[in-house]
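User: I would like to go through this model and ask, for each label, what rule stands behind it. Please set each value against its definition before concluding.

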Amino acid sequence: MERRLFLADLTRYAALCAVVPNIWRVTSRPRFADDPFALGVSSGDPTSTGGVLWTRLAPRPNEPDGGMEGTRATVDWEVAHDDQFKNIVTKGRATAGPELAYSIHIDVDGLEADRWYFYRFMSGQAVSPVGRFRTTPADGAHTPLNMAFMSCQRWDQGLFTALGHVAREEQLDLAIHLGDYIYEGASPSTALRKHQGLEIRTVDDYRRRYAQYKSDPNLQAAHARCPWLVTWDDHEVDNNYAGLVGENVMESTEQMQQRRAAAYQGWWEHQAVRVPRVKSWADLNITRTISWGSLSRFYMLDTRQYRDDQACGDTIKPVCAETLDPKRTMLGDAQEQWLYNGLGSSKAHWQVIANQVMMAQYDAAPGPDFRVSMDQWGGYPVARDRLLGEIGKRAPNRTVVITGDIHTNWVHDLHNGFSRPDRPVVATEFVGTSISSDGDGRDIDAARLSAMQAENPHLKWYSARRGYVRCRIDEQAWNVDYRTVPYVTRPDAPISTATSWRLQHGRPGAERTA
């Protein structure tokens, strides 16, 4: 190369570095405008030897890059036996970069089974909050499990008070979030606390929305309390989307694929999850199993990405011919077979299906009319009855379905198919209400519940308040407390147990205990 050309190229590279000074450089001594750990910490997907630890550097979360200004920074992490970090078990270093919103996912291994740990992150002079994490019992152990599950936390319709109570539960080994972690829409002018911006569509949009939700102190406290298992429902992308069909049916497949890729990437960047690397974010596969020793096995489902579009134009409708098409699927063929194989091969004492939408049939019309929600399993009755039939063959009366989505509490007997009411009960479904979606909720009188049960005799209980579901699981029984708050539109709501249920292993149907 001629000397003058070399000097010209050198000048251009120098100019580029002056404009984008941090594009290649990684610093171990970053300087932050504000606390870079403003979004908190979390852990998830525990195993008997480890789990995933998460944080995201975001000193100014509302800015496009979280206020990092292109800086690639090292992040140190530590796991210890004590919250003062005097007895450190393992530690390491990772790099936070703009490609993944400066998120950090540490897959820790080599820990002791069935044990609590503490963890934290450090970058520059900043130190994160301390989180609590525990490993699962080893295979073969039947250690009891205390857990809570929840869903549907709409920022602009209520405070996350219930999550503050989750963080203060005296005994809590695990939390499960069943979807609608964020909501994608803009807020009305009357909203309690408004979403920032309009409806979200790009990866930067989703990042800012997650940052807004993650800024909530009650959500942060619940994440720091114990490991979580998370899945998604529709609002992490678009209301009632099905595969590559969005709520606005005029959106092209290409447009929905781009939006789904942005949404799935934003979800992964903000969750402590262990999922496989994919060629495209639009095809991120989050179905996975988590075992609690040999006591229980959790199947984390995805009932959005692989389903056929809702039949009959969606909403609550009479059953049409399309609904009854045996080729229609909620899970997709591969996920459905994966679940069947798991139920058939697992020796776990309890099989737990972590599911987004209500599985039990619900007839919403009085008298001889019959109307169901096309978005729930009732809109996919052949696929639902096929699944319940497999449960009846492979794991009857040791299978529990936990469900979110519907913003209300339900307890259901699940029959071996709902086409005939005399078919035996093979599983129980516990449906949890929302954290804040739909505001304060309301009380349901006995007459209303009786009318619902007249059309749906498998329905055992229903409530329309906000909260979460607490479970205590051992070899003999699955004990459930429905924990509710009286309001979410103002702070400091107290928590109480609305009702309690007990499902005995090997016996059909749950029984009310309080």
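User: Which strand supplies the largest share of the lining of the largest cavity?

Analyst: The largest share, 3 residues, comes from S2, where strands are DSSP runs of E with at least two residues and helices are runs of H or I with at least four, numbered from the N terminus. This is a predicted model, in which local features need pLDDT of at least 70 and side-chain atom pairs count only at pLDDT 80 or more, while totals for chains, interfaces and linings use all residues. Residues are numbered from 1 along each chain as its sequence is written, and side-chain values use heavy atoms, with hydrogens and water left out.

User: What makes a space a cavity, and which residues line the largest cavity?

Analyst: On a 1 Å grid over the protein atoms alone, a cavity is a set of points where a 1.4 Å probe fits but cannot get out, and lining residues have an atom within 4 Å of a point. By this rule the lining of the largest cavity consists of Ser42, Ser43, Gly44, His223, Trp228, Val230, Gln271 and Ala272. Strand S2 (41-44) and strand S12 (228-230) each give at least two residues to that lining.

User: Why is the bond at cysteine 312 and cysteine 320 called a disulfide, and what is its handedness?

Analyst: A disulfide is a pair of cysteine sulfur atoms within 2.5 Å, and the S to S distance of cysteine 312 and cysteine 320 is 1.9 Å, which meets that cut-off. The torsion about their S-S bond is about -85°, so the disulfide is left-handed.

User: How do you know that the span of helix H5 agrees with its number of residues?

Analyst: The expected span of a helix is 1.5 Å times one less than its number of residues. For the 17 residues of H5 (residues 253-269) this should be 24 Å, and the end C-alpha atoms are 24 Å apart, which agrees.

User: Why is H5 called mostly covered?

Analyst: Of the 17 residues of H5, 12 are buried, among them Met256, Tyr264, Trp267 and Trp268. What covers these buried residues includes strand S3 (51-56), strand S6 (103-108), helix H3 (203-214) and S12, contact meaning heavy atoms within 4.5 Å.

Note on methods. On a 1 Å grid over the protein atoms alone, a cavity is a set of points where a 1.4 Å probe fits but cannot get out, and a pocket is an open set with protein on both sides within 12 Å along at least five of seven lines; lining residues have an atom within 4 Å of a point. Buried means under 20% relative accessible area, exposed over 50%, partly exposed in between (1.4 Å probe, protein chains only).
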